[in-house]
Amino acid sequence: MLALRGPSKAAAYTLLAFGIFIIIAPFLWVALQSFKYQIAILQGAWIFPPTWFNYLDVLYSPRSDFPLNLWNSIVVATVSTVCVLIVGTLAAYSLSRLSWKRWIARGFLAWTLIFNMIPPLTLIGPWYLIFREIGLYQTLSGLILAHITLNLPMTIWMMMAYFNEIPIEIEDAARVDGCRRVDAFWRISLPLVAPGLIAAGVLAFVFSWNEFAVALNLTSRATATVPVAIARFAQEYEIQYGQMAAASILSTIPALVLMFFGQRFVVQGLTMGAVK
Amino acid sequence: MAEVQLENVHKRFGGVEVIHDIDLTIDNGEFVVLVGPSGCGKSTLLRMIAGLEAISEGSISIGGRIVNDLEPRERDIAMVFQSYALYPHMNVAKNMGFSMALRKEQPGRIRQVVEGAATSLELMPYLDRLPRALSGGQRQRVAMGRAIVRRPKVFLFDEPLSNLDAQLRVQMRTEVRKLHQRLEATSVYVTHDQVEAMTMADRIVVLDKGRIAQAGSPLELYDRPANRFVAEFIGSPAINVFPGEVDSGRLFLPSEEGRIDIGPVSAHEKKVDMGVRPEDLRPVDSGGIPGTVQVIENLGAETYVILSVAGRDVCWRIAGRPDVSVGDRVRLGFDLSHAHFFNAASGARI
């Protein structure tokens, strides 16, 4: 690795500090607002008496749906992540290991890539019509299905990179040792791609947790997720800045915790195959 | 132990045939080495015996039972891979005992068998280590231990020593051979290294472009190669091949001094290739084939002298130290009964 000295080192650290500031500053600003009363926020005060009012209001007020929204988000993100991991891992294993005709495997992967490039907003219209027909509109199941569809391509690509890294001989050895193919997958390949499962799981969970556009259009007040709930603090005649900031900060906690534990695997997963 | 029988075995990948009509019987307890250059189909053939590759045509039987449609786990075989193929998330003991654990044998019994194999392979101190904490040689021994613990009818080895350094390779060669003598199991060993084949095999099967070029004991192949391909492949340094012409029942070779009369040959062909092993060459005062010394390779106990003869390199093997120097003109003779003659067009032995 290149070791920086003198002015280069100073410039590098300055740039790094600037980059961190750009990322962290908005978050800190929102965190600051969450401890202010509405009036202090509107006045733009820098010196203010801190309060937990916004948090208490968001979490315990009888008129607040936020705990329900939080629960909805947990259900949607968890169930969609589990489903995405199961389907994505099996699909990736199949594409990586089974002898599909090349055009089938390539075609499938190209389709997932193209699907990943389509803006989710263009899918909302068809989904709205389909879900309304089959009774999934404004249900958690509908949103879970939509999130599975959105997150599947990325999961398949990531898991394929992990499976491709495992030498085929290891599975061959397991099959000679007495495994059926399914045993070789379960006992040998799956434990070896565990870091990939963690990385793909963290990313799928965070994407689902933060997803706004689809959730806004396909959920009702009872099934809204956290990002939708945060947006709803801005009403036509009143914007509850304090509550909005408090809800935003609360909503980052699960994702932050997951990223804290999973970031090592996420970085490894996203760069898999990039360097040997 | 079991006999392995291959009958009219073919393998096609799409429209490309890579194994052509192989017929081969490997006897009970025999150590057979499949050898050939890269891409000759030897590993594919081994994988077909293992059940890791489907057979396009023909049949393979192990112990009298046709195994064409059986899964690898049902064939009662063990395989040692070139890349070792150890399970990275299991320690040495679990790697070695994996097949027994799959058969749901008692943990005490597994431990006993694993420790027995580990003792014979000097792996006892490493039983709790993960494969990544082992050296290449130790990993190779674990792979062999795993095969031993499986107690199979047939051992399959797919270039197991290729990833080891030269010294360790020689050592492991002996280990594999000792293992075979102790277990007396039928073994099929694939390698591209003819020295490995010569030193380890009861019988060598030389493959060329998916066909058996010759099968026989190492010395049979060395002394009476069935064709030019086998003659050139078996032996290190390789046999010297001189292209010649037959005229009135006598073989003539081109040289810098014009055509040299080598002697009578019983060949009907006009163009004949003559093969002479490097150790069969000897210096002569007159006659023989003239050449100029280009390179001298000293190995201590023996020396390889590379000469230029009519524009082509010829290797002369000397026991001990040479009394020639680079640039010397030397005349090389040989006993005609030690020479091999091949049809120049087909390569078949005459």
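Chain A has 13 helices and zero strands, where helices (H or I, at least four residues) and strands (E, at least two) are DSSP runs, numbered from the N terminus. The model is predicted, so local features need pLDDT of at least 70 and side-chain atom pairs count only at pLDDT 80 or more, while totals for chains, interfaces and linings use all residues. Residues are numbered from 1 along each chain as its sequence is written, and chains are lettered from A and ligands numbered from 1 in the order in which they are written.

Q: Why is E184(B) called exposed?
A: A residue is exposed if 12 or fewer other C-beta atoms, placed from the backbone, lie within 10 Å of its own, buried if 20 or more do, and partly exposed in between. E184(B) has 12 such atoms within 10 Å, so E184(B) counts as exposed.

Q: Where in chain B does E184(B) lie?
A: E184(B) sits in the loop between α5 (166-183) and β8 (186-191) of chain B. Its C-alpha atom is separated by 9.9 Å from that of K153(B), 31 residues apart along the chain.

Q: How many residues of chain A are in contact with chain B?
A: Contact requires C-beta atoms, placed from the backbone, to lie within 7 Å. By that rule 14 residues of chain A are in contact with 19 residues of chain B.

Q: Which elements of chain A give two or more residues to the side that touches chain B?
A: They are α8 (168-177) and α9 (181-192) of chain A. The largest share, seven residues, comes from α8(A).

Note on methods:
Two residues are in contact if their C-beta atoms, placed from the backbone, lie within 7 Å.
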